[in-house]
Amino acid sequence: MQIFIKLLISAFAIAMLNWTPPHSSIQLKTGQELIVLGIAQDGGYPHTGCLKQCCEKVYSKERKREKVCALGIIDYDQHQLFMLDATPDYPAQWKALQDVSGFTEKKVPDGIFLTHAHIGHYTGLMFLGREVLGARNAPVYCMPRMRDFLRNNGPWSQLVDLNNIEIRNIQADSTLVLNPNLRITPIRVPHRDEFSETVGFQVQTANKSLLFIPDIDKWEKWDRSLQTVLKTTDYAFLDATFYQDGELPGRSMAEVPHPFVAETMQLLEGQINSKVYFIHLNHTNPLLWDDAKASQLETSGFKVCREGMRFEL
């Protein structure tokens with residue numbers, strides 16, 4: 001019995017010598033990483049008021065709920081976290097970014113970059129206000145019209161007045177150096193700009209580059225060539241709101257112009273399609289809920305974004 005106890009104590013001592021605290025393996029990571037925090041259009045999935053088969057699949061537990069489109073960037077070397085867009089799903093998305101990185105002590109991101117003033121892309125800022133977190137000077141990067149919109153319209157102006165957020169100006173095609181590892185450049189894109197201009201973002205590290213354009217009217221309206229931009233891009237997260245024309249019965253889709261996935265695929269036929277990840281999917285888009293359709297697309301080299309995807313940068 002005494003021999004058994006000695007062996008047990010010895011084994012415990014060896015185990016303690018080899019024990020490492022939680023998250024240590026994560027904290028020892030180096031470099032930069034991107035994580036997909038959400039893939040759905042502004043209204044999320046399921047969509048409010050939708051009683052069709054697409055959303056019924058969630059209510060019947062056949063499909064899972066999808067969060068609104070956003071990306072997170074982790075810089076392990078600089079111990080920093082960034083978010084591209086602040087969605088209505090901000091609380092869960094921020095928690096996911098904290099957990100993946102291991103930087104759970106952080107209260108707010110080191111930078112939130114806003115693409116435009118449509119509800120799925122900025123309303124997550126409300127969770128930084130006095131009713132929720134009561135954040136102090138959370139850095140929010142935005143274009144001039146977006147800045148003025150936040151400053152001059154409640155309840156967002158209260159976030160500014162109470163210093164819950166600190167607005168930092170960015171300019172189209174002007175590269176911002178976030179740290180020695182990360183640079184980000186806003187790019188103007190044509191869209192329904194009722195309250196603000198619309199931008200996409202190019203993010204660059206020493207090794208990789210990514211393009212994030214969740215909203216654009218049509219590629220042919222853009223002042224540059226998508227094919228040319230993709231030549232210098234490793235990952236492209238592109239607007240996939242609708243799969244094809246006729247997806248909204250009884251409504252003209254010209255009212256909500258977006259490049260159909262089918263159009264983007266045709267435009268990029270013969271290109272390096274493996275760079276393209278379709279994101280910002282409306283609830284009517286079959287790529288969101290039809291595995292056969294998504295599989296068919298991926299045989300062409302394109303990919304459909306899924307929440308939790310991670311990319312080394």
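**View 1. Arg65 and its partner Asp89.** Arg65 is partly exposed, with a relative accessible area of 47%; for all these views, buried means under 20% relative accessible area, exposed over 50%, and partly exposed in between (1.4 Å probe, protein chains only). The side chain of Arg65 meets that of Asp89 in a salt bridge, at 2.7 Å from N to O. This pair links distant parts of the chain: Arg65 sits in the loop between helix H3 (53-59) and strand E2 (70-75), while Asp89, 24 residues apart from it, sits in the loop between strand E3 (80-84) and helix H4 (90-101). Asp89 counts as buried, at 10% relative accessibility. A salt bridge here is a side-chain nitrogen of Lys or Arg within 4 Å of a carboxyl oxygen of Asp or Glu. Helices (H or I, at least four residues) and strands (E, at least two) are DSSP runs, numbered from the N terminus.

A quick word on what you're looking at: this is a predicted model, where local features need pLDDT of at least 70 and side-chain atom pairs count only at pLDDT 80 or more, while totals for chains, interfaces and linings use all residues. Residues are numbered from 1 along each chain as its sequence is written, and side-chain values use heavy atoms, with hydrogens and water left out.

**View 2. Lys67 meets Glu307.** Here's another salt bridge, with the side chains of Lys67 and Glu307 2.9 Å apart, N to O. Lys67 lies in the loop between H3 and E2, and Glu307 in the loop between strand E13 (303-304) and strand E14 (310-312), so the pair ties together parts that are 240 residues apart in sequence. Lys67 is buried at 17% relative accessibility, whereas Glu307 is partly exposed at 29%.

**View 3. Glu62 and Lys57.** These two form a salt bridge too, and their closest N and O atoms are 3.1 Å apart. Glu62 is exposed, with a relative accessible area of 52%, but Lys57 is buried at 11%. If you'd like the overall tally, the whole structure has 17 salt bridges.

**View 4. An open sheet that ends at E13.** Seven strands, in the order E7-E8-E9-E10-E11-E12-E13, make up an open sheet with mixed pairing. Its edge strands are strand E7 (176-179) and E13, each pairing on one side only; two strands pair if DSSP finds at least two bridges between them. Strand E12 (residues 276-279) runs parallel to E13, and the two pair over 2 bridges. Look for Phe278, which stands opposite Val304 in E13.

**View 5. Phe195 in its loop.** Phe195 is found in the loop between strand E8 (182-188) and strand E9 (199-204). Phe195 is partly exposed, at 49% relative accessible area. Setting aside neighbours within four places in sequence, Phe195 is in contact (heavy atoms within 4.5 Å) with Ala117, Arg145 and Phe149. Thr30, on the other hand, is 39 Å from Phe195 in space, C-alpha to C-alpha, and 165 residues apart from it in sequence.

View 6. With a disulfide taken as a pair of cysteine sulfur atoms within 2.5 Å, the count comes to 0. For Cys55, the nearest cysteine sulfur is that of Cys50, 3.3 Å away; Cys55 is buried at 0% relative accessibility. Cys305 is in no disulfide either, and its nearest cysteine sulfur, that of Cys69, is 7.7 Å away. Cys305 is buried at 0% relative accessibility.
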